[in-house]
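Thanks for asking me to look this over. Here are my notes, point by point, to read with the structure open beside you.

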Amino acid sequence: MTMRMISAVAGLGLLATTVGACSTLAGAGLGAGAGAAVGAGTGYGAGKGALIGTGVGAAAGAIYGITKK
């Protein structure tokens, strides 16, 4: 019974974290896609562009989430 209660609390905590970080995750995903496209188009490299885009998108998503809540 105790393990079941701990599992339920941990699951709800992860769900709350995911819902709270939704804009950050969406920003990271969109940034990665856009960064890969720009990197490939400019010859910089899709991988490096995706890494930079992920960071920028996550930061933008976090700022958006903070200001809209």
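1. Overall order. Starting at the N terminus, the elements of the protein run α-α-α. That is 3 helices and 0 strands. Please keep in mind as you read that this is a predicted model.

2. Burial and surface. Of the 69 residues in the protein, 19% are buried. The protein exposes about 4900 Å², and carbon and sulfur atoms supply 78% of that area.

3. Contacts along the chain. Among contacts with a separation of 6 or more, 47% are between residues 24 or more positions apart.

4. Which residues of α2 are buried? They are Ser 23, Gly 27, Ala 28, Gly 31, Ala 32, Gly 35 and Gly 39. Looking down the axis of α2, you will find these buried residues within an arc of 165°, so they line one face of the helix.

5. The other side of α2. Turned away from the buried side is a face that carries the exposed residues Leu 25, Leu 30, Ala 37, Ala 40 and Gly 41.

6. The buried residues in α3 are Gly 49, Ala 50, Gly 53, Gly 57, Gly 61 and Gly 65.

7. How the two helices meet. What do the buried residues of α2 pack against? Their partner is α3. Seen from the other helix, the buried residues of α3 pack against α2.

8. The connection. α2 covers residues 22-42 and α3 covers 46-68, with Tyr 44 in the loop between them. Gly 43 follows α2 and has a positive phi, near 85°. Is Tyr 44 buried, partly exposed or exposed? Its relative accessibility is 48%, so Tyr 44 counts as partly exposed.

9. A surface patch. Tyr 44 also belongs to a nonpolar patch on the surface, which it forms with Ile 52 and Val 56. Together these residues have about 310 Å² of accessible area.

Definitions and conventions:
Residues numbered from 1 in each chain as written. Predicted model: local features only at pLDDT ≥ 70, side-chain atom pairs only at ≥ 80, totals over all residues. Heavy atoms only, no water. Patch = residues over 30% accessible without salt bridge, like charges linked within 9 Å, V, L, I, M, F, W, Y side chains within 5 Å. Areas by Shrake-Rupley, 256 points an atom, 1.4 Å probe, with all protein chains shown as cover. Salt bridge = Lys/Arg side-chain N within 4 Å of Asp/Glu carboxyl O. Helix = DSSP H or I, 4+ residues; strand = E, 2+ residues; numbered from the N terminus. Buried < 20%, exposed > 50% of the residue type's maximum accessible area, 1.4 Å probe, protein only. Contact = heavy atoms within 4.5 Å. Arc of directions from axis to C-beta.
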